[in-house]
Amino acid sequence: MLDWSALFLTHERGMDSASGGRGYALFCISMTLGRLCGDRLINRIGRFRMLMGGSLCAAMGLLLAIAIDVPAVTLLSFLLLGFGAANLVPLLFSAASDQRAMSPHGAGGRFRGRLRRFVDRPRADWFHRPINQPVCRFWLCSGIITAGQRQRAPH
């Protein structure tokens, strides 16, 4: 989420800069805690359940941030988003390296390049103006996460 959470909180929700920083900090703390506990949780419940649970948790966090304009709920939604998203990318990269149809280097490089173009630039030239707004980006991310659950996850 990088600086998108702080931009969303300050520009879309009208919070001050300190609250935007708190939202980003909550996301980072929950992401760190999720990564620290993630391997043990994956070993306990399995990769598939972790991928599904993390996807649902991250999507719920995004949807709460978008749908409910209450400062406390919005801040807590970033906490939920961090816990949910913490292990998604490691699980997906692990699944990409386990597949045999394509070189792991080819799959990872293409994914990283596209993800980087999408996330890194708040004012990306190749997006239309309405989609460039943080709310639209959050809806798009939530849709991608939710749609990804329909794909066959690793076991």
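User: What rules apply to the values?
Analyst: Residues are numbered from 1 along each chain as its sequence is written, and side-chain values use heavy atoms, with hydrogens and water left out. As the model is predicted, local features need pLDDT of at least 70 and side-chain atom pairs count only at pLDDT 80 or more, while totals for chains, interfaces and linings use all residues.

User: What percentage of the residues count as buried?
Analyst: Of the 155 residues of the protein chain, 35% are buried (under 20% relative accessible area; exposed is over 50%, partly exposed in between, with a 1.4 Å probe and protein chains only).

User: How many helices and strands are there?
Analyst: The protein chain has seven helices and zero strands. Both are DSSP runs numbered from the N terminus (helices: H or I, at least four residues; strands: E, at least two).

User: At what angle do H2 and H3 cross?
Analyst: The axes of H2 (residues 17-45) and H3 (residues 47-67) cross at roughly 120 degrees and come within 7 Å. Axes are lines fitted to C-alpha atoms, for helices over the stretch in contact, and angles run from 0 to 180 degrees between N-to-C directions. H2 and H3 are therefore oblique to each other; angles under 35 degrees count as roughly parallel, over 145 as roughly antiparallel, 65 to 115 as roughly perpendicular and the rest as oblique.

User: Which residues make that contact?
Analyst: H2 contributes Gly38, Leu41, Ile42 and Ile45, and H3 contributes Arg47, Arg49 and Met50, where contact means heavy atoms within 4.5 Å.

User: Changing topic: how many salt bridges does the structure hold?
Analyst: The structure holds one salt bridge, defined as a side-chain nitrogen of Lys or Arg within 4 Å of a carboxyl oxygen of Asp or Glu. The side chains of Arg13 and Asp69 form it, at 3.5 Å from N to O.

User: Where do Arg13 and Asp69 sit?
Analyst: Arg13 is in the loop between H1 (4-12) and H2, and Asp69 is in the loop between H3 and H4 (71-85), 56 residues apart.

User: Are Arg13 and Asp69 buried or exposed?
Analyst: Arg13 counts as buried, at 19% relative accessibility, whereas Asp69 is exposed, at 51%.
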